[in-house]
There are 2 protein chains.
Amino acid sequence: MSALPELWTHQPRSVLAFRPGRRVADIDTNATPGFRGEKAGAPELQAERNAAFAELQEMLYANGKAAGDHRSVLLVLQGMDTAGKGGIVEHVVGAGSPMGIRYRAFGVPTAEERSHHYLWRIRNALPPAGLLGVFDRSHYEDVLVVRVHNLVEPAVWAPRYDEINAFEKELVDAGTTIVKVAMFVSLDEQKKRLAERLERPDKHWKYNPGDLDERQLWPQYQQAYQDLLDKTSTEHAPWHVLPCDRKWYARLAVTELLIEALTAMRLSWPPADFDVEAERARLRAL
Amino acid sequence: MSALPELWTHQPRSVLAFRPGRRVADIDTNATPGFRGEKAGAPELQAERNAAFAELQEMLYANGKAAGDHRSVLLVLQGMDTAGKGGIVEHVVGAGSPMGIRYRAFGVPTAEERSHHYLWRIRNALPPAGLLGVFDRSHYEDVLVVRVHNLVEPAVWAPRYDEINAFEKELVDAGTTIVKVAMFVSLDEQKKRLAERLERPDKHWKYNPGDLDERQLWPQYQQAYQDLLDKTSTEHAPWHVLPCDRKWYARLAVTELLIEALTAMRLSWPPADFDVEAERARLRAL
């Protein structure tokens, strides 16, 4: 069920792993690392792997629900506008059951959120036992947009990398597998995608004039992403660097990252905590 | 996009509507009201209608997100064990995007929930603007299991029908469309489905010996459902009576109920709240 399809020449987990010294500026956003298939075959493979993911996700849910398994999975999606976070949510995560998925987007903090520590809203949204949590943006916004826009002093944001590492260590120790994906598109590809949002009336709602202001800060964001990867790709919660100019590749890759994470949990269907034979006999009589 | 497929001879909304005088004991749980198609054609039709639902659901989300539309939809699923609530969540609701769906199951109340009014946990789980909320069981448990098991005195549960009607009126007035579905299987079909859960190790986790205790209380539940339908099928939030022995029919029917509810909201893609031409020019320059 979860064997890596042969079109993958390398495990996505390892080929996409951020390695020290890697430069954000050098990422080939159009590449398809570890994959030797083509776009034409992607839909079929995606459907097949969606099904494998869905079964594992149900198993995770079953264990949380019926076997007292306290473990959970947290998918963290970070990326510039149009990187394709929404598409991952819809086409990858969406293959699972709404029952076992907890999605949360982190936008500009509300007044209440601002009155708390920056990790407060994050802690409130963590997946409980058996669930797959999905963060569409995350606590990393507090070292990205917050830093680039000077919303707080460097003395305030600089310690956050260590704080985040400690926070994630705490989650991992408590049984959460964290899958962190940094999604990168090229400036050109972003331009195309923003233009499409401006062309199509059914996409206007996804466009925000502020997106262009962010676009002008590209170099600053590149630097902030560089520091983020350098400082928060840990053994317990490594970053994956995902080229996203080809949506079909990005979706296949995240599907495999989730399948790998779930497979590593060595899940199986929870054994009955009741006497199956006795229940069969009772049922026959009713 | 949302025209009713011709295999439907009647609008599910009207053919499934609970009508005063209807007896729960007389429901033909094996019927396929309003539908003249067969099981063989169901998967294809389901896929087609899932897509229509998904587009409308995205439109609802877009309006909540980008157009200040405060409306939402709440699907309430009630039914005996094995009626197929989970299947509806997975195969119908699951066609939408996790971004716009908020699922919540209501089981035995926690200590904290018990310390509050029975509607407290319900209010906390209501869908915000633009979302489709799904209640897997609901506030109706407080006039079903609570009543059948005498968890509180009749003097306590009896006023709840009116309270619930008032509560739902409040929601509807505030912009929530409530789609209530009471799911009915026959005693025989339930026996088959429970037996399957006992046969298949991948289904053991869905089985609970308590399910058989509930099964023995079938007549009491039938009566509780009868009163529920008689007393809480209102103009603002009518009940739909769904025969569920045929899962494929139940799923097609709930899909249409959701499509009808969303269509009645006369949704369209939110218009741009910015100058599209000006943004195009800005983008070209960047």
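This is a predicted model: local features need pLDDT of at least 70, side-chain atom pairs count only at pLDDT 80 or more; totals for chains, interfaces and linings use all residues.

I started with a single side chain: A:E189 has a relative accessibility of 15%, so it counts as buried (buried is under 20% relative accessible area, exposed is over 50%, partly exposed is in between, with a 1.4 Å probe and protein chains only). A:R193 is buried too, at 7%. The side chains of these two meet in a salt bridge, 2.8 Å from N to O (a salt bridge is a side-chain nitrogen of Lys or Arg within 4 Å of a carboxyl oxygen of Asp or Glu). A:R193 and A:E189 are four residues apart in helix 9 of chain A, so about one helical turn separates them. Helices (H or I, at least four residues) and strands (E, at least two) are DSSP runs, numbered from the N terminus.

Residues are numbered from 1 along each chain as its sequence is written, chains are lettered from A and ligands numbered from 1 in the order in which they are written, and side-chain values use heavy atoms, with hydrogens and water left out.

How many salt bridges does a search of the whole structure find over all chains? I got 40. One of them joins the side chains of A:E170 and A:R123, 2.7 Å from N to O. This pair links distant parts of the chain: A:E170 is in helix 8 (residues 160-173) of chain A and A:R123 in helix 5 (residues 120-123) of chain A, 47 residues apart. A:E170 is partly exposed at 40%, and A:R123 is partly exposed at 39%.

In chain B I looked at B:D81 and B:R137, whose closest N and O atoms are 2.9 Å apart in a salt bridge. B:D81 sits in the loop between strand 1 and helix 3 of chain B, and B:R137 in the loop between strand 3 and helix 6 of chain B, 56 residues apart. B:D81 is buried at 15%, whereas B:R137 is partly exposed at 21%. Over in chain A, salt bridges that share partners join A:D81, A:R137 and A:E141 into one network.

Is strand 5 of chain B enclosed or open? Five of its five residues (239-243) are buried, so the strand is largely enclosed by the rest of the structure. B:W239, B:V241 and B:P243 cover one side, with B:H240 and B:L242 on the other. Strand 5 of chain B pairs with strand 4 (residues 176-184) of chain B in the parallel sense, over five bridges (two strands pair if DSSP finds at least two bridges between them). B:K180 stands opposite B:W239.

**Where the chains meet**

Last stop: the contact between the chains takes 43 residues from chain A and 43 residues from chain B (contact means heavy atoms within 4.5 Å). About 4,000 Å² is buried between chain A and chain B, and carbon and sulfur atoms give 68% of that. Buried area is the accessible area (1.4 Å probe) that two parts lose on being put together, summed over both. In chain A, the residues losing the most area to chain B are A:W205, A:L283 and A:L286, together 19% of what that side buries. I also counted six salt bridges between chain A and chain B, including A:R280 with B:E199 at 3.1 Å, N to O.
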